Amino acid sequence: FERTDHPLLEGLNEPQRAAVTHAGPPLLVVAGAGSGKTRVLTRRIAWLINERKAHPGSILAITFTNKAAAEMKERVEELVGKRARIMWVSTFHSACVRILRKEIDRVGFKSNFSIYDAADSKRLMTLVLRDLELDPKRYQPNAVLNWVSDQKNELRDAEDAAKEARNSFEEAYAKAFSAYQRRLREANALDFDDLIMTTVHLLQAFPDVRENYRRRFRHVLVDEYQDTNHAQYSLIQQLCGQSFEIGTDVEEPGAESAERVGPSELMVVGDADQSIYAFRGADIRNILDFEQDFPDATTILLEQNYRSTQTILSAANSVIGNNRGRKPKRLWTDAGEGERIIGYVSDDEHDEARFVSEEIDKLTDDAGVRPADVAVFYRTNAQSRVFEEVFIRTGQPYKVVGGVRFYERKEVRDALAYLRMLVNTADEISLRRVLNTPKRGIGERAEACIAALADRDRITFWEALTRAAEAPGLATRSLKNIEAFVAMVQELQSMVEADERPDVILESVLERSGYLVELEASDDPQDGTRVENLAELVAVAREFAEDPQPGPSADPAEVEAGTVAVGLGDFLERVALVADADQIPDSPDGDDSGVVTLMTLHTAKGLEFPVVFLTGLEDGVFPHQRSLGDQPELEEERRLAYVGLTRAQQRLYVSRALVRSAWGAPSHNPASRFLDELPVDLVDWRRTAAEQTRWGRADLTGGSTRLGTPTDAGRRNFSSAALRADAASKAKPAREIPSLAPGDRVVHDSFGMGTVVAVEGVAEKSVASIDFGSEGVKRLLLRYAPVEKL
Ligand code: ATP
Ligand code: MG
């Protein structure tokens, strides 16, 4: 056939076509940002269905967010029609939930399991640490959870972790891990990392289940492959059944009985330069080693960028070129030079936000830009606040993606906890959360009596509540209150059993629990907002009920066949799996065309905007403080910069503030080194450090006149270097520098425990090499690194 004439190959270049039409061995598409990886993946799905006659149900595509999944699905449907609907396009987590809802009984959970998010996990871990009587100063829930998460991302369970513990600290962590898992199991709940790990373990342990999915998914496609961690990688292995797994995949006795099928076709696309989730265990080696892992793999490179102007591309290439040990790429565009990058050095963060707001005004007035074309990026969520303040003042509609999210608000979490425990009474965390919320006279003592009864009789907390009369030491008044609570819950449960709509159940919960009444009676203005948020949640549930969409884990084939019930469980699942990036404005042509998008750089992955403001480019902000003394972390920050820069299609702004308030005190931050890495001639500095007004040169440079003339871009590099040297002596260390010697045990906020291997330099300049076990050996500048001597 005429390849070039085929409509599904239209608007693709030669290597893109090759990737779409490739058949057979595993395919890796590696390419820089904006080279059409996602487009190719989408077209390939359409191609598989239309030309290779693949059944849509035999396709599994993995995307980074639920939102990206929905878009991809929609696009494929446009290309090949409605029958595409039954394919699985989802995130790793959603795909796993979908598998687990069907199969999890094999590993002793019930299919109505709860999904614990970060806050639930923290609550549970706090309880665990308290039970184990571990010193809360030494063992912080988040630190332990990070460690546990790392273990799970490496597919190590509590037993493995205990075996590998090399000291008393790790033994304690492993103990907490084990107790935490036990309580999750008792609560019939899984945390986020469990979703993946449990699925992998299940597929490994049950050959018939594995074969079943292998037979089903003949095509597996993964976007953003550079951000997969080991557990996700193993999941792909299990699902595809590639030959390389021999030796890693130990067959259980009886496995012979399960009929084996040949490997599925695998396509992964990614860009090692955009790997930004190492802190979640993402392993860049998954992409670098692809050819080794899959010896017969085909690799296709895409080199033409279709997103950005040459200026933007050159800037991004120049910055990422400073990372070591990467494969250089030849990314080019024929989009033309385009506008120069605009730089701005502001007095402080308010001035920076004002600048951004004024530029947006100008662009929308004079340059035909719509607010929806504009995105403002920053390194950490907290930086959004100042932009929000300015936008509110100027009346610029905006949308913050991420941050303190709707579903993280207390009242929303309370309401969802009610719903969750109605569906799964074993969910102790949710149950305890609502037990005395609003206050109904079931105090801590009463709760402890119930917990003791549950322990004594080895029953769930809920069962103990229903048998409260047997609880030793329970006050009569508390007993009455508990009985009333149990009666209310049972009544609400009968609504769930009768398959009432989620919004109807939610409204009943809010009324009968007294939750709403209490808020409405309050004269705290915040409680007014809470009522509004709950109204919003009811609206979300109603929308869900009226346009019944099964949860992300429902099998599309069953949905199509109308055999899947859409109930409260589906609603909860949908809510549980909403990721940050899922809150991006929907259609740029719809109601949102007047809305500017604010988001962190991490959330920006995969997206594109005509105009991008990259803000807060200061050493200590971006790159993040934590990364300053650590080469691998710094390189990850640089990849994040690369992601940010390459989101821009036509116009790019970079800005920094000379002074930024941090924890209430002003901090003088030097220019980000990433600014120095931009080619000088590409940036048009609207305002330089030398021109800034409020703080005066002397304040920053000790009266130095080395700053150069205001418009002298060439010397700007010099001046920011001078500023950096200066700031090195001014920036306040967050706390005292620990004095360390080889052999000392330390604990680090994110790496956990480690042993000092070597120390160089003294005082402010001391750098320690610390062995963090599975995290590897890190060289840390002690002034900045959040380490504490034990
Ligand atoms: P990222 O690395 O940021 O995820 P990507 O490689 O996935 O980027 P896409 O988002 O697929 O890139 O494509 C970037 C832009 O280029 C999109 O707007 C896409 O529609 C467009 N594009 C891709 N290939 C072509 C092509 N051959 N002709 C015209 N436009 C294209
Ligand atoms: Mg992409």
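This is a predicted model: local features need pLDDT of at least 70, side-chain atom pairs count only at pLDDT 80 or more; totals for chains, interfaces and linings use all residues.
Let me turn to the overall picture. The protein chain contains 30 helices and 21 strands. Of its 790 residues, 47% are buried. As for the contacts in the chain with a separation of 6 or more, 74% of them are between residues 24 or more positions apart.

I continue with lysine 53. This residue is placed in the loop between H2 and strand S2, which spans 59-62. For context, most residues other than glycine have a negative phi, and most peptide bonds are trans. Is arginine 458 buried or exposed? Arginine 458 is exposed, because 8 other C-beta atoms lie within 10 Å.

The bond from threonine 437 to proline 438 is cis, with omega near -5°. Proline 438 belongs to the loop between helix H18 (428-435) and helix H19 (444-457). A cis peptide bond also joins phenylalanine 622 to proline 623, where omega is about 5°. Proline 623 is situated in the loop that runs between strand S13 (609-614) and helix H27 (631-645).

Next, the surroundings of ligand 1. How many residues surround ligand 1? There are 18, and the closest are Gly36, Lys37, Thr38, Arg39 and Tyr306. Helix H2, residues 37-50, supplies the largest share of this shell, with three residues. By class, the shell divides into nine polar, five charged and four nonpolar residues.

I now come to helix packing. Two packed helices are described by the angle between their axes and the distance between the axes. Helix H5 (residues 118-131) and helix H6 (residues 141-153) pack at about 105°, and their axes are 9 Å apart. An angle of 65 to 115 degrees counts as roughly perpendicular, and H5 is therefore roughly perpendicular to H6. On the H5 side, the contact is made by Ser121, Lys122, Met125, Thr126 and Leu129, and on the H6 side by Pro141, Asn142, Val144 and Leu145. Five of these residues are nonpolar, three are polar and one is charged.

The second pair is helix H17 (residues 410-423) with helix H26 (residues 568-576). Here the angle is about 135° and the axes are 10 Å apart. H17 is accordingly oblique to H26, and the crossing is left-handed. Which residues of H17 and H26 meet? From H17 they are Leu416, Leu419, Arg420 and Val423, and from H26 they are Leu568, Gly569, Leu572 and Val575. In this contact, six residues are nonpolar, one is polar and one is charged.

Helix H14 (residues 310-320) has nine of its 11 residues buried, so it is largely enclosed by the rest of the structure. The buried residues in H14 are Thr311, Ile312, Leu313, Ser314, Ala315, Ala316, Asn317, Val319 and Ile320.

Arginine 530 is part of helix H24, residues 525-546. Why does arginine 530 count as buried? It does so because it has 23 C-beta neighbours inside 10 Å. Leaving aside residues up to four places away in sequence, arginine 530 touches Glu411 and Leu519. From asparagine 322, arginine 530 is 208 residues apart in sequence and 48 Å apart in space, C-alpha to C-alpha.

Arginine 83 is found in the loop between helix H3 (66-80) and strand S3 (88-90). It is partly exposed, because 13 other C-beta atoms lie within 10 Å. Between arginine 83 and valine 107 there are 34 Å in space, C-alpha to C-alpha, and the two are 24 residues apart in sequence.

Technical notes. Residues are numbered from 1 along each chain as its sequence is written. Chains are lettered from A and ligands numbered from 1 in the order in which they are written. A residue is near a molecule or strand if its C-beta atom, placed from the backbone, lies within 6 Å of it. Helices (H or I, at least four residues) and strands (E, at least two) are DSSP runs, numbered from the N terminus. Ala, Val, Leu, Ile, Met, Phe, Trp, Tyr, Cys and Pro count as nonpolar, Asp, Glu, Lys and Arg as charged, and the others, Gly among them, as polar. A residue is buried if 20 or more other C-beta atoms lie within 10 Å of its own, exposed if 12 or fewer, and partly exposed in between; C-beta atoms are placed from the backbone. Axes are lines fitted to C-alpha atoms, for helices over the stretch in contact, and angles run from 0 to 180 degrees between N-to-C directions. Angles under 35 degrees count as roughly parallel, over 145 as roughly antiparallel, 65 to 115 as roughly perpendicular and the rest as oblique. A crossing is left-handed if the near helix is turned anticlockwise from the far one by less than a right angle, and right-handed if clockwise. Two residues are in contact if their C-beta atoms, placed from the backbone, lie within 7 Å.
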